[in-house]
Structure formats: structure tokens, C-alpha cells
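Hello,

I am passing a structure on to you, and my notes on it follow below. Please have the sequence and the model open side by side while you read.

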Amino acid sequence: MDGAACVLRRSPLGLLPPGANDMAREYRVLSGLWRAFPLAPKAHVFCSDPAVLGAPFFIMEYRPGLVVRDVLPPALAGKGVALSGMLIDVLAKFQRVDPAAVGLDGLGRPEGFLGRAVAGWIKRFHVAAQDAYAERPVPAAAADLIGWLQAQPVPEGRTTLLHNDFKLNNIILDPATPTEPLALLDWDMCTRGDPLFDLATLLSYWAEPAHPPEIRDLGQMPSTQGLWMSRREIVDFYARATGFDVSAIHFHRVLTAFKLAVVFLQIYARYCRGTTADPRIAGIGPTADALFEFAVEVKGGRIF
């Protein structure tokens, strides 16, 4: 394996929804993407036989470094604007990759991607709501969002590779130069589709100081600590970096804001079903409700 340090990537069977951690897909992506996108670690060996380790797994290149989650480390104090620009630079470089050049021109089904995303997240909402709202009414905000998403014409955008969970804590940074990326991780949902979906997913995690506490306290990004680009500045920066038309970003913002609320609702539904007893999850129900309310504000244009 060229003498490189390696790490084992194992599918945690039974812990995630079916298909959410597709080792075969991630191996396929990382087998070739590194050739055109050096931040993608190289995958070496894939094993589909669960008898070996109890689950499918693959071995990939190991890149040590710094991962930033909800707290900005001292080394990055005052570097929010630089980190903002770094994120968009990484996304733009990734989305410029020609899928055919790395053997991924047959990945996913780009035609109808956004329409399937709308239908899929509405379906996931209804499944989670059976348990999460078994003893209380479904929030009006959730019903409002579903009606809006179903009534809107789905934008027709260009097709690029999609990471599908692009955010700061999936990037490994160089400890010596903390605003420089060393790797982009978690490729198990990579596909092809509208590139604005990746941008809007990033924005859905991007809390700002003026946002409600439920949004600021999500712990997804430290974007309220110090000075960062605003969401609107990020969209403008992305448009300049890619040359892409961003006029349909409002639809993507509402969809990914709804998606984030559904993700938290799914976690809370597991608690309601009794499949987890973690006391930290008991309070996620109100957080999901607040996220639906926040998404309505995004839909109405009161918050970007």
C-alpha cells in the first residue's frame, strides 16, 4: 500500500438507518477521486464479507490532523473568515471535478435528484412523526413546510459530484497551519446532483449570533464564535468561486433546513420508540420543533 499509513473504515451495522453508511459506495468513490481531488483519502482494500469483522469494511489512507467541531480551538481564534473562505474553496474545487475522469460518471441518478430529495425527506418526516408526535399534535410549522415543498416547482440545476454532508467537522486541518485542509472525510453518501444542495447543506449548519438559541446551540459549527462570513456572504463567495448560478438557492435553503429538522426528529423518535435510553436525546424533541419553526422563517425570507 505504498508505505502509507492506513485506517480501517467499518460499517456500524444496526446503528444507522439502512443505506446511510454504504461502505461499497464510499470505497468506490475513494478508489478514484483522489486522482483529481487530493483532499480525498485513497481507499486501498474493500471487504464485503461481514464474517471477517462483523460488518463490511475498507482500508484507506490515514491523514492525522485537527478536526473542529462545536468549539473553536485557540489556534483558530480570529480565523473565522479564513475558515469560511477555506470551506467554499474546498467545495468549489470538489465540484469542478469531472466525474468521468475519476470513474464516477455512473454514480447515482442525477436526473430528478432534488425531486427525490423532497419526497424522501417528507417520507422520513412522516415515519419519525408516528413516534415523535404520538402524544401531541404535529407542529403547524412542519405541515407548512411540507405543503410549500410539495407545491414549489423543483429547480433545474447543473449536475456535479455531491458530497451530501459537507461541513467543517468533516474536514481535517493542518495543525501547523490550521486554516489549511488536509482531507475531506465521510464519503458514504457521495452521489451526483445539483451542487447547490451541498452549499445549502453547509448553510443549514451555519448558525449566526442573531439566530435563536436552539439554532446557536446545535453544536454543529463554531460559527458564532468570533467573526465569520454571514450566510449571504458565503453564497456570494461561492458564486464567484464557481461561476455557478445561485438564483435558486432559496429552494435549497428551505429543503435543507427542513432536512436538518427531520434528522433531529428521527433521533428523538428513536428515544420515543425505546431503541435508545440516552437521557441527552430526551430533550431533542423541542429542538426539532424549533428547527421546523426556523425553517419557516427561512421559507418566508425573514432569515436567510
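Two residues are said to be in contact when heavy atoms of theirs lie within 4.5 Å. Please keep in mind too that this is a predicted model.

Let me begin with Thr-160. Its place is in strand S4, and with a relative accessibility of 5% Thr-160 counts as buried. What is Thr-160 in contact with, leaving aside its neighbours within four places in sequence? The list consists of Gln-95, Thr-191, Arg-192, Gly-193, Pro-195 and Phe-244.

Is Asn-164 buried or exposed? It is buried, because its relative accessible area is 11% and the cut-off for buried is under 20%. A polar atom of the Asn-164 side chain lies 3.0 Å from the backbone oxygen of Met-189. Met-189 is also among the contacts of Asn-164 once neighbours within four places in sequence are left aside, and the others are Phe-113, Thr-191, Phe-197, Asp-198 and Lys-259.

The backbone of Asn-164 deserves a look as well. Most residues other than glycine have a negative phi. Asn-164 has a positive phi, near 85 degrees, and is not a glycine. Asp-186 also has a positive phi, of about 65 degrees, although it is not a glycine. You will find Asp-186 in the loop between strand S6 (177-184) and strand S7 (191-193). At 31% relative accessibility, Asp-186 counts as partly exposed.

Now to the aromatic rings. How many aromatic pairs does a search of the whole structure find? The search finds 14. One of them joins Phe-37 and Phe-94, a tilted pair with 5.5 Å centre to centre and 55 degrees between the planes. Phe-37 is in the loop between helix H1 (23-32) and strand S2 (43-47), while Phe-94 belongs to helix H3 (residues 80-95), so this pair ties together parts that are 57 residues apart in sequence. Phe-37 and Phe-94 are both buried.

Tyr-268 and Tyr-271 form a stacked pair, with 6.4 Å centre to centre and 20 degrees between the planes. Both of these tyrosines lie in helix H9 (residues 249-273), three residues apart, which is about one turn of the helix. Tyr-268 counts as buried at 14% relative accessibility, whereas Tyr-271 is partly exposed, with a relative accessible area of 31%.

Ring pairs also link Phe-125, Tyr-133, Phe-258 and Phe-292 into a cluster.

Lys-167 lies over the face of Tyr-205, at 4.7 Å from the ring centre. In the other case, the charged end of Arg-253 is over the ring of Phe-304, 5.7 Å from its centre.

Another residue of helix H9 to look at is Leu-255. Leu-255 is buried, with a relative accessible area of 0%. Apart from its neighbours within four places in sequence, Leu-255 is in contact with Leu-114, Ala-117, Val-118, Leu-149 and Phe-197. From Leu-255 to Tyr-238 the separation is 17 residues in sequence and 19 Å in space, C-alpha to C-alpha.

Finally, have a look at helix H5 (residues 140-151). This helix has twelve residues and reaches 17 Å from its first C-alpha to its last, close to the 16 Å expected at 1.5 Å a residue. Which residues of H5 are buried? They are Ala-141, Ala-142, Leu-145, Ile-146, Trp-148 and Leu-149. As background, an α-helix has 3.6 residues a turn, so residues three or four places apart point the same way. The buried residues of H5 pack against helix H4 (113-132), H9 and helix H10 (284-299). On the face of H5 turned away from the buried side are the exposed residues Ala-140, Gln-150 and Ala-151.

Best wishes

Key
Residues are numbered from 1 along each chain as its sequence is written. This is a predicted model: local features need pLDDT of at least 70, side-chain atom pairs count only at pLDDT 80 or more; totals for chains, interfaces and linings use all residues. Side-chain values use heavy atoms; hydrogens and water are left out. Rings of Phe, Tyr and Trp (its six-membered ring) pair if their centres lie within 6.5 Å; planes under 30 degrees apart count as stacked, over 60 as edge-to-face and the rest as tilted. Helices (H or I, at least four residues) and strands (E, at least two) are DSSP runs, numbered from the N terminus. Buried means under 20% relative accessible area, exposed over 50%, partly exposed in between (1.4 Å probe, protein chains only). A charge sits over a ring if NZ of Lys or CZ of Arg is within 6 Å of the ring centre and within 35 degrees of the ring normal. The expected span of a helix is 1.5 Å times one less than its number of residues. A polar contact is a pair of N or O atoms within 3.5 Å; within protein, one must be able to donate a hydrogen and the other to accept it, and residues adjacent in sequence count only if both atoms are side-chain atoms.
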